[in-house]
Amino acid sequence: MKKLIYIVFAFVITSCLTNHEVDFDVPNVAPENLLYHRNDLTVAHNRSVQGDAPEVISQGTPTFDIESVAWFEDSVRIDVSDELNPFTIDIETGQLSLEPTDETALGKYHVNVMASNEYGTSTFEDAFRVMLVDKRPELSLETKKDSIIIFMDEAGTPLTTQLESISVMAEGVFMSDINVTTSPALPSATTITVDANGRFNIRGNLEEVDYEITISAENEYGASENNPSFTLYTKTLKIVERDMFVMNIEEGLKPDNQDEFIFAGMDFMKIEGPELPNGQTWWNIAIDRNNHPDADRKENFITRNYARNYDGVSTAKHMIVSPSLATEGMEVMTVDIGAMFNNITGVGGEQRIEARIVSESAYQEALTSGNINNVYENWTLAFNSADFQTDEKKLFIHNSSEHSNLFEGEDLRVVVVLVHGLTSAVNRGYMGIDELEIKGRFLEID
(Lines give C-alpha, C1' and ligand atoms only; values in the text may rest on other atoms or scores of the structure.)
Protein backbone atom coordinates (compact mmCIF):
# COMPACT_ATOMS: atom_id res chain seq x y z
CA MET A 1 0.00 0.00 0.00
CA LYS A 2 2.86 2.38 0.87
CA LYS A 3 4.50 1.70 -2.48
CA LEU A 4 1.28 2.64 -4.31
CA ILE A 5 1.02 5.93 -2.36
CA TYR A 6 4.64 6.81 -3.32
CA ILE A 7 3.97 6.17 -7.01
CA VAL A 8 0.86 8.40 -7.00
CA PHE A 9 2.76 11.14 -5.15
CA ALA A 10 5.62 11.03 -7.65
CA PHE A 11 3.15 11.30 -10.53
CA VAL A 12 1.54 14.36 -8.96
CA ILE A 13 4.89 16.11 -8.40
CA THR A 14 6.12 15.35 -11.95
CA SER A 15 2.91 16.67 -13.46
CA CYS A 16 3.27 19.91 -11.52
CA LEU A 17 6.63 20.60 -13.20
CA THR A 18 5.10 21.06 -16.64
CA ASN A 19 3.25 23.90 -18.27
CA HIS A 20 0.29 21.60 -19.06
CA GLU A 21 -2.95 21.55 -17.18
CA VAL A 22 -3.52 18.48 -15.02
CA ASP A 23 -6.45 17.18 -13.03
CA PHE A 24 -4.96 17.75 -9.56
CA ASP A 25 -5.09 20.88 -7.47
CA VAL A 26 -2.46 23.55 -8.23
CA PRO A 27 -2.34 26.63 -6.05
CA ASN A 28 -4.26 29.56 -7.45
CA VAL A 29 -1.17 31.76 -7.48
CA ALA A 30 1.25 33.21 -10.01
CA PRO A 31 3.64 30.70 -11.69
CA GLU A 32 6.32 29.12 -9.50
CA ASN A 33 9.65 27.28 -9.89
CA LEU A 34 10.61 28.10 -13.48
CA LEU A 35 13.57 25.97 -14.64
CA TYR A 36 15.61 25.78 -17.88
CA HIS A 37 17.31 22.39 -17.85
CA ARG A 38 19.81 23.29 -20.61
CA ASN A 39 21.53 26.26 -19.09
CA ASP A 40 24.92 27.91 -18.45
CA LEU A 41 25.80 27.65 -22.13
CA THR A 42 29.04 28.75 -23.78
CA VAL A 43 28.19 30.15 -27.17
CA ALA A 44 30.29 31.45 -30.08
CA HIS A 45 29.81 35.17 -30.54
CA ASN A 46 28.64 34.76 -34.14
CA ARG A 47 26.33 31.76 -33.71
CA SER A 48 22.57 31.75 -33.06
CA VAL A 49 21.26 29.55 -30.26
CA GLN A 50 17.73 28.46 -29.33
CA GLY A 51 17.14 27.15 -25.85
CA ASP A 52 14.62 24.58 -24.63
CA ALA A 53 11.20 25.34 -23.16
CA PRO A 54 11.30 25.74 -19.39
CA GLU A 55 9.42 23.72 -16.83
CA VAL A 56 7.17 25.74 -14.52
CA ILE A 57 4.43 25.15 -11.94
CA SER A 58 1.39 27.14 -12.98
CA GLN A 59 -2.39 27.13 -12.70
CA GLY A 60 -3.47 27.25 -16.30
CA THR A 61 -1.24 27.91 -19.29
CA PRO A 62 1.33 30.63 -18.55
CA THR A 63 2.79 33.18 -20.90
CA PHE A 64 6.38 34.35 -20.86
CA ASP A 65 8.36 37.50 -21.37
CA ILE A 66 11.85 38.86 -20.75
CA GLU A 67 11.97 41.11 -17.72
CA SER A 68 15.60 42.23 -18.20
CA VAL A 69 19.00 41.14 -19.47
CA ALA A 70 22.25 41.79 -17.63
CA TRP A 71 25.83 41.70 -18.90
CA PHE A 72 28.73 41.25 -16.51
CA GLU A 73 32.05 43.04 -16.76
CA ASP A 74 34.59 42.22 -14.03
CA SER A 75 31.74 40.94 -11.84
CA VAL A 76 29.84 44.22 -12.26
CA ARG A 77 26.24 43.73 -13.41
CA ILE A 78 25.21 46.06 -16.23
CA ASP A 79 21.67 46.18 -17.66
CA VAL A 80 21.48 45.69 -21.41
CA SER A 81 19.29 48.18 -23.28
CA ASP A 82 16.45 46.99 -25.50
CA GLU A 83 18.36 48.19 -28.56
CA LEU A 84 21.37 45.98 -27.75
CA ASN A 85 19.49 43.02 -26.29
CA PRO A 86 20.34 39.91 -28.36
CA PHE A 87 17.72 37.69 -26.64
CA THR A 88 14.09 37.04 -27.62
CA ILE A 89 11.50 34.75 -26.04
CA ASP A 90 8.56 32.78 -27.34
CA ILE A 91 5.61 34.14 -25.40
CA GLU A 92 3.79 30.80 -25.43
CA THR A 93 6.60 28.25 -24.85
CA GLY A 94 9.15 30.33 -22.98
CA GLN A 95 11.93 29.27 -25.36
CA LEU A 96 14.77 31.79 -25.41
CA SER A 97 16.72 32.56 -28.57
CA LEU A 98 20.08 34.33 -28.89
CA GLU A 99 20.94 36.24 -32.07
CA PRO A 100 24.30 38.03 -31.57
CA THR A 101 25.09 41.06 -33.73
CA ASP A 102 28.27 43.02 -34.34
CA GLU A 103 27.28 45.24 -31.41
CA THR A 104 26.88 42.34 -29.01
CA ALA A 105 29.69 42.37 -26.47
CA LEU A 106 31.51 39.23 -25.43
CA GLY A 107 31.03 38.04 -21.89
CA LYS A 108 28.51 36.62 -19.45
CA TYR A 109 24.75 37.28 -19.81
CA HIS A 110 21.95 36.57 -17.33
CA VAL A 111 18.29 36.74 -18.40
CA ASN A 112 15.44 37.47 -15.97
CA VAL A 113 12.27 35.76 -17.21
CA MET A 114 8.65 36.63 -16.32
CA ALA A 115 5.92 34.01 -16.30
CA SER A 116 2.24 35.08 -16.05
CA ASN A 117 -1.12 33.40 -15.52
CA GLU A 118 -4.55 34.66 -14.51
CA TYR A 119 -3.41 34.97 -10.91
CA GLY A 120 -0.39 37.15 -11.49
CA THR A 121 3.15 37.44 -12.77
CA SER A 122 6.35 36.05 -11.29
CA THR A 123 9.89 37.15 -12.15
CA PHE A 124 12.64 34.53 -12.09
CA GLU A 125 16.03 36.20 -11.77
CA ASP A 126 19.02 34.79 -13.64
CA ALA A 127 16.79 32.07 -15.08
CA PHE A 128 18.91 31.67 -18.22
CA ARG A 129 22.69 32.14 -18.32
CA VAL A 130 25.02 32.30 -21.32
CA MET A 131 28.73 32.97 -21.81
CA LEU A 132 29.37 34.58 -25.18
CA VAL A 133 32.92 33.95 -26.43
CA ASP A 134 34.96 34.48 -29.56
CA LYS A 135 35.88 31.05 -30.89
CA ARG A 136 37.72 32.31 -33.93
CA PRO A 137 41.46 31.60 -34.03
CA GLU A 138 43.55 33.66 -31.64
CA LEU A 139 47.09 34.32 -32.81
CA SER A 140 50.04 36.02 -31.17
CA LEU A 141 53.81 36.25 -31.60
CA GLU A 142 56.41 35.61 -28.92
CA THR A 143 59.76 37.26 -29.61
CA LYS A 144 63.13 37.01 -27.89
CA LYS A 145 64.77 39.91 -29.72
CA ASP A 146 63.75 43.39 -30.75
CA SER A 147 64.80 42.78 -34.37
CA ILE A 148 64.33 39.54 -36.29
CA ILE A 149 67.28 39.15 -38.66
CA ILE A 150 68.15 36.34 -41.02
CA PHE A 151 71.59 36.11 -42.58
CA MET A 152 72.12 34.77 -46.07
CA ASP A 153 74.99 34.25 -48.46
CA GLU A 154 75.57 36.25 -51.59
CA ALA A 155 73.28 33.91 -53.55
CA GLY A 156 70.38 34.67 -51.18
CA THR A 157 70.47 31.28 -49.44
CA PRO A 158 69.63 31.63 -45.72
CA LEU A 159 72.33 30.36 -43.38
CA THR A 160 69.57 28.83 -41.25
CA THR A 161 66.17 27.56 -42.31
CA GLN A 162 64.43 28.36 -39.01
CA LEU A 163 63.84 31.64 -37.18
CA GLU A 164 64.92 30.90 -33.63
CA SER A 165 64.05 34.23 -31.99
CA ILE A 166 60.32 34.33 -32.75
CA SER A 167 57.46 31.85 -32.48
CA VAL A 168 53.69 31.66 -32.93
CA MET A 169 51.14 31.10 -30.16
CA ALA A 170 47.74 29.90 -31.42
CA GLU A 171 44.37 28.88 -29.98
CA GLY A 172 41.44 27.44 -31.89
CA VAL A 173 43.49 26.34 -34.87
CA PHE A 174 46.25 23.88 -35.76
CA MET A 175 49.67 25.38 -36.50
CA SER A 176 49.57 23.72 -39.91
CA ASP A 177 46.46 25.77 -40.79
CA ILE A 178 48.12 29.13 -40.15
CA ASN A 179 48.61 31.22 -43.28
CA VAL A 180 51.79 33.25 -43.77
CA THR A 181 51.82 36.22 -46.14
CA THR A 182 54.67 38.56 -46.93
CA SER A 183 55.11 42.01 -48.35
CA PRO A 184 56.81 42.19 -50.74
CA ALA A 185 56.02 38.73 -52.10
CA LEU A 186 58.60 35.98 -51.74
CA PRO A 187 60.50 34.65 -54.76
CA SER A 188 58.36 32.12 -56.64
CA ALA A 189 60.11 29.00 -55.32
CA THR A 190 60.37 30.19 -51.71
CA THR A 191 57.95 29.44 -48.87
CA ILE A 192 57.66 30.40 -45.21
CA THR A 193 55.57 28.04 -43.08
CA VAL A 194 54.83 27.49 -39.39
CA ASP A 195 55.72 24.08 -37.97
CA ALA A 196 53.99 22.16 -35.16
CA ASN A 197 56.14 23.96 -32.56
CA GLY A 198 55.18 27.40 -33.84
CA ARG A 199 58.54 28.03 -35.51
CA PHE A 200 58.88 29.79 -38.84
CA ASN A 201 60.67 27.67 -41.46
CA ILE A 202 62.08 29.06 -44.68
CA ARG A 203 62.56 27.01 -47.83
CA GLY A 204 64.31 28.63 -50.75
CA ASN A 205 66.22 31.83 -51.36
CA LEU A 206 65.38 35.36 -50.24
CA GLU A 207 66.05 38.77 -51.68
CA GLU A 208 67.89 41.45 -49.77
CA VAL A 209 64.78 43.36 -48.73
CA ASP A 210 62.89 43.77 -45.47
CA TYR A 211 59.84 41.49 -45.45
CA GLU A 212 56.67 42.28 -43.52
CA ILE A 213 55.46 38.87 -42.32
CA THR A 214 51.77 38.52 -41.35
CA ILE A 215 50.02 35.45 -39.98
CA SER A 216 46.30 34.67 -40.17
CA ALA A 217 44.01 31.67 -39.76
CA GLU A 218 40.40 30.56 -40.15
CA ASN A 219 38.27 27.90 -38.46
CA GLU A 220 34.59 26.94 -38.47
CA TYR A 221 33.72 30.09 -36.51
CA GLY A 222 35.43 32.48 -38.90
CA ALA A 223 38.71 34.19 -39.66
CA SER A 224 41.10 35.48 -37.02
CA GLU A 225 40.47 39.11 -36.14
CA ASN A 226 43.94 39.91 -34.83
CA ASN A 227 46.58 39.07 -37.44
CA PRO A 228 49.97 39.91 -35.92
CA SER A 229 52.97 40.78 -38.05
CA PHE A 230 56.69 41.46 -37.74
CA THR A 231 59.52 42.65 -39.94
CA LEU A 232 62.08 40.12 -41.12
CA TYR A 233 65.34 41.90 -41.86
CA THR A 234 67.66 40.18 -44.34
CA LYS A 235 71.42 40.67 -44.19
CA THR A 236 73.85 39.39 -46.80
CA LEU A 237 77.09 37.93 -45.51
CA LYS A 238 80.17 37.59 -47.64
CA ILE A 239 83.12 35.32 -46.96
CA VAL A 240 86.36 37.18 -46.26
CA GLU A 241 89.71 35.46 -45.76
CA ARG A 242 91.88 37.01 -43.06
CA ASP A 243 95.27 36.24 -41.60
CA MET A 244 94.78 35.23 -37.98
CA PHE A 245 98.46 34.69 -37.24
CA VAL A 246 101.66 34.61 -39.29
CA MET A 247 104.93 33.66 -37.61
CA ASN A 248 107.47 36.38 -38.34
CA ILE A 249 111.00 36.15 -36.98
CA GLU A 250 113.14 39.17 -37.76
CA GLU A 251 116.06 38.42 -35.46
CA GLY A 252 117.70 35.41 -33.87
CA LEU A 253 117.59 34.18 -30.28
CA LYS A 254 119.57 31.59 -28.33
CA PRO A 255 117.94 31.52 -24.89
CA ASP A 256 120.40 29.80 -22.54
CA ASN A 257 119.07 28.30 -19.31
CA GLN A 258 115.44 28.96 -20.24
CA ASP A 259 112.81 26.24 -20.48
CA GLU A 260 110.06 28.83 -21.02
CA PHE A 261 110.08 32.18 -22.79
CA ILE A 262 108.07 34.39 -25.12
CA PHE A 263 109.43 35.34 -28.51
CA ALA A 264 107.89 36.77 -31.71
CA GLY A 265 104.44 36.71 -30.13
CA MET A 266 104.61 32.98 -29.32
CA ASP A 267 105.06 31.01 -26.12
CA PHE A 268 107.97 28.55 -26.05
CA MET A 269 108.09 25.90 -23.33
CA LYS A 270 109.45 22.48 -22.43
CA ILE A 271 106.79 20.02 -21.33
CA GLU A 272 109.08 17.00 -20.82
CA GLY A 273 112.82 16.44 -20.70
CA PRO A 274 115.99 16.57 -18.56
CA GLU A 275 117.52 19.63 -16.95
CA LEU A 276 120.32 21.03 -19.08
CA PRO A 277 123.70 22.11 -17.68
CA ASN A 278 124.22 25.78 -17.10
CA GLY A 279 124.78 27.73 -20.29
CA GLN A 280 123.04 25.22 -22.52
CA THR A 281 119.81 25.65 -24.48
CA TRP A 282 117.26 23.61 -26.31
CA TRP A 283 116.75 26.34 -28.88
CA ASN A 284 118.55 28.22 -31.59
CA ILE A 285 116.05 30.51 -33.26
CA ALA A 286 117.97 31.78 -36.24
CA ILE A 287 117.60 33.69 -39.44
CA ASP A 288 120.57 31.80 -40.88
CA ARG A 289 119.15 29.66 -43.71
CA ASN A 290 122.29 27.82 -44.74
CA ASN A 291 121.27 24.48 -43.29
CA HIS A 292 117.69 24.37 -44.60
CA PRO A 293 116.90 21.00 -46.24
CA ASP A 294 114.98 22.77 -49.00
CA ALA A 295 117.28 25.09 -50.94
CA ASP A 296 114.30 26.90 -52.48
CA ARG A 297 113.18 28.12 -49.07
CA LYS A 298 116.35 29.91 -48.04
CA GLU A 299 114.41 33.14 -47.71
CA ASN A 300 112.33 31.67 -44.87
CA PHE A 301 113.36 31.75 -41.25
CA ILE A 302 114.36 28.65 -39.37
CA THR A 303 113.55 27.71 -35.78
CA ARG A 304 115.88 25.03 -34.48
CA ASN A 305 115.06 22.75 -31.58
CA TYR A 306 118.10 20.66 -30.68
CA ALA A 307 118.09 17.08 -29.44
CA ARG A 308 120.25 16.97 -26.34
CA ASN A 309 121.82 13.94 -24.66
CA TYR A 310 122.78 14.27 -21.02
CA ASP A 311 123.16 11.46 -18.54
CA GLY A 312 121.94 8.99 -21.16
CA VAL A 313 118.69 10.87 -21.71
CA SER A 314 117.89 12.45 -25.06
CA THR A 315 114.09 12.39 -25.06
CA ALA A 316 112.22 15.67 -24.68
CA LYS A 317 109.05 17.49 -25.75
CA HIS A 318 108.66 21.18 -26.45
CA MET A 319 105.84 23.43 -27.56
CA ILE A 320 105.49 26.56 -29.62
CA VAL A 321 102.11 28.16 -28.90
CA SER A 322 100.36 30.78 -31.01
CA PRO A 323 98.63 33.77 -29.41
CA SER A 324 94.95 33.41 -28.53
CA LEU A 325 92.94 33.73 -31.77
CA ALA A 326 89.38 35.08 -31.94
CA THR A 327 87.00 32.97 -34.04
CA GLU A 328 83.68 34.83 -33.90
CA GLY A 329 82.10 34.68 -37.35
CA MET A 330 84.70 32.21 -38.61
CA GLU A 331 83.50 29.36 -40.78
CA VAL A 332 86.77 27.63 -41.71
CA MET A 333 90.38 27.97 -40.60
CA THR A 334 93.54 26.92 -42.46
CA VAL A 335 96.78 25.87 -40.75
CA ASP A 336 99.91 26.07 -42.92
CA ILE A 337 103.07 24.65 -41.40
CA GLY A 338 106.59 23.96 -42.68
CA ALA A 339 108.41 21.28 -40.68
CA MET A 340 112.05 20.37 -41.21
CA PHE A 341 114.48 17.80 -39.89
CA ASN A 342 118.28 18.04 -40.26
CA ASN A 343 120.58 15.04 -39.96
CA ILE A 344 118.87 12.20 -38.08
CA THR A 345 115.07 12.23 -38.26
CA GLY A 346 114.06 8.76 -37.27
CA VAL A 347 111.23 7.03 -39.08
CA GLY A 348 107.85 6.02 -37.69
CA GLY A 349 107.51 9.24 -35.74
CA GLU A 350 110.00 8.72 -32.95
CA GLN A 351 111.04 12.25 -33.70
CA ARG A 352 108.12 14.25 -34.98
CA ILE A 353 106.41 17.60 -35.15
CA GLU A 354 102.68 17.92 -34.53
CA ALA A 355 100.29 20.86 -34.83
CA ARG A 356 97.18 20.76 -32.68
CA ILE A 357 94.18 23.04 -32.19
CA VAL A 358 92.77 23.68 -28.72
CA SER A 359 90.19 26.01 -27.23
CA GLU A 360 91.50 28.82 -25.09
CA SER A 361 89.68 27.52 -22.00
CA ALA A 362 91.08 23.98 -22.39
CA TYR A 363 94.58 25.33 -22.95
CA GLN A 364 94.45 27.53 -19.86
CA GLU A 365 93.09 24.65 -17.78
CA ALA A 366 95.97 22.39 -18.85
CA LEU A 367 98.50 25.19 -18.31
CA THR A 368 97.22 25.96 -14.80
CA SER A 369 97.14 22.31 -13.76
CA GLY A 370 100.59 21.58 -15.25
CA ASN A 371 99.02 18.69 -17.12
CA ILE A 372 99.80 19.60 -20.73
CA ASN A 373 101.96 16.56 -21.43
CA ASN A 374 99.09 14.26 -20.43
CA VAL A 375 96.30 15.96 -22.34
CA TYR A 376 97.72 17.54 -25.49
CA GLU A 377 97.16 14.36 -27.52
CA ASN A 378 93.40 14.88 -26.97
CA TRP A 379 93.52 18.21 -28.78
CA THR A 380 92.48 18.34 -32.45
CA LEU A 381 95.32 17.16 -34.70
CA ALA A 382 96.06 19.43 -37.67
CA PHE A 383 99.44 17.99 -38.71
CA ASN A 384 101.76 15.11 -37.82
CA SER A 385 105.12 14.79 -39.56
CA ALA A 386 105.13 11.07 -38.75
CA ASP A 387 102.67 10.64 -41.62
CA PHE A 388 105.44 11.75 -44.02
CA GLN A 389 108.72 10.63 -42.47
CA THR A 390 110.41 7.91 -44.55
CA ASP A 391 114.07 9.03 -44.59
CA GLU A 392 116.59 8.88 -41.76
CA LYS A 393 118.31 11.99 -43.08
CA LYS A 394 117.19 15.48 -43.97
CA LEU A 395 113.52 16.11 -44.49
CA PHE A 396 111.25 19.08 -45.17
CA ILE A 397 107.44 18.93 -45.15
CA HIS A 398 104.99 21.67 -46.01
CA ASN A 399 101.39 20.92 -45.12
CA SER A 400 98.11 22.81 -45.27
CA SER A 401 94.92 21.62 -43.53
CA GLU A 402 91.41 23.05 -43.20
CA HIS A 403 89.19 22.86 -40.14
CA SER A 404 85.69 24.04 -39.32
CA ASN A 405 85.06 26.36 -36.40
CA LEU A 406 85.55 23.70 -33.76
CA PHE A 407 84.65 25.67 -30.66
CA GLU A 408 81.52 27.66 -31.68
CA GLY A 409 83.11 31.08 -31.49
CA GLU A 410 85.39 30.48 -28.47
CA ASP A 411 88.96 31.71 -28.86
CA LEU A 412 91.54 29.08 -29.76
CA ARG A 413 95.27 28.45 -30.02
CA VAL A 414 97.44 26.42 -32.38
CA VAL A 415 100.08 24.42 -30.52
CA VAL A 416 103.16 23.00 -32.26
CA VAL A 417 104.64 20.04 -30.38
CA LEU A 418 108.25 19.00 -31.09
CA VAL A 419 109.01 15.45 -29.90
CA HIS A 420 112.55 14.10 -29.61
CA GLY A 421 111.84 10.44 -29.12
CA LEU A 422 115.15 8.73 -29.89
CA THR A 423 117.10 7.30 -26.99
CA SER A 424 120.34 6.79 -28.92
CA ALA A 425 123.37 8.88 -28.03
CA VAL A 426 123.67 9.83 -31.70
CA ASN A 427 120.47 11.89 -31.39
CA ARG A 428 122.21 15.14 -32.20
CA GLY A 429 120.13 16.46 -35.09
CA TYR A 430 117.75 19.38 -34.90
CA MET A 431 114.24 19.96 -36.07
CA GLY A 432 112.03 22.99 -36.32
CA ILE A 433 109.45 24.94 -38.29
CA ASP A 434 110.05 27.58 -40.90
CA GLU A 435 106.40 28.51 -41.31
CA LEU A 436 103.30 28.77 -39.14
CA GLU A 437 100.49 30.63 -40.80
CA ILE A 438 96.87 30.52 -39.63
CA LYS A 439 94.11 31.94 -41.79
CA GLY A 440 90.36 32.08 -41.34
CA ARG A 441 87.41 32.51 -43.65
CA PHE A 442 84.93 34.76 -41.92
CA LEU A 443 81.36 35.74 -42.67
CA GLU A 444 80.91 39.49 -42.71
CA ILE A 445 77.83 41.63 -43.32
CA ASP A 446 78.06 43.10 -46.79
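**A pocket and its charged neighbours**

Mentor: Let's start with the residues that line the second largest pocket: His 45, Asn 46, Pro 100, Thr 101, Asp 102, Thr 104, Leu 106, Asp 134, Arg 136 and Glu 225. Keep in mind that this is a predicted model. The space in this pocket comes to about 160 Å³. Sort its lining by class and you get 2 nonpolar, 4 polar and 4 charged residues.

Now pick out Arg 136 and Glu 225, which are both on that list. Their side chains form a salt bridge, with 3.1 Å from N to O. Glu 225 sits in the loop between β19 (222–223) and β20 (229–246), while Arg 136 sits in the loop between β10 (120–133) and β11 (138–143), so this pair ties together parts that are 89 residues apart in sequence. Why can two side chains pair up like this? Side chains of opposite charge can do so when their charged atoms come close.

How covered are the two partners, buried or exposed? Glu 225 counts as exposed, because its relative accessibility is 63% and the cut-off for exposed is over 50%. Arg 136 counts as buried, because its relative accessibility is 18% and buried means under 20%.

There is also a third member to look at.

Stepping back, the count of salt bridges in the model is 14. One of the others is between Arg 242 and Glu 444, at 2.6 Å from N to O. This pair also links distant parts of the chain: Arg 242 is in strand β20 and Glu 444 in strand β31 (residues 430–445), 202 residues apart. Arg 242 is partly exposed, with a relative accessible area of 34%, and Glu 444 is partly exposed too, at 27%. Another salt bridge brings together Arg 356 and Glu 354, at 2.8 Å from N to O. In that case both residues are buried.

For contrast, have a look at the largest pocket. Its space is about 320 Å³. Its lining has 6 nonpolar, 4 polar and 2 charged residues. Among the lining residues are Lys 145, Phe 151, Leu 159 and Glu 164. Strands β12 (148–152) and β13 (162–171) each supply at least two residues of this lining.

In β25 (residues 316–321), 6 of its 6 residues are buried. Ala 316, His 318 and Ile 320 point one way from the strand, and Lys 317, Met 319 and Val 321 point the other way. β25 runs antiparallel to β22, joined by 5 bridges, and Met 319 is the bridge partner of Met 269. β25 also runs antiparallel to β30 (residues 412–420), joined by 6 bridges, with Ile 320 opposite Val 416.

How values were computed
Residues numbered from 1 in each chain as written. Predicted model: local features only at pLDDT ≥ 70, side-chain atom pairs only at ≥ 80, totals over all residues. Heavy atoms only, no water. Salt bridge = Lys/Arg side-chain N within 4 Å of Asp/Glu carboxyl O. Helix = DSSP H or I, 4+ residues; strand = E, 2+ residues; numbered from the N terminus. Buried < 20%, exposed > 50% of the residue type's maximum accessible area, 1.4 Å probe, protein only. 1 Å grid on protein atoms, 1.4 Å probe; cavity = no way out; pocket = protein on both sides within 12 Å on 5 of 7 lines; lining within 4 Å. Points joined across faces, edges and corners; volume = space filled by probe spheres on them. Nonpolar A, V, L, I, M, F, W, Y, C, P; charged D, E, K, R; others polar. Pairing = 2+ DSSP bridges.
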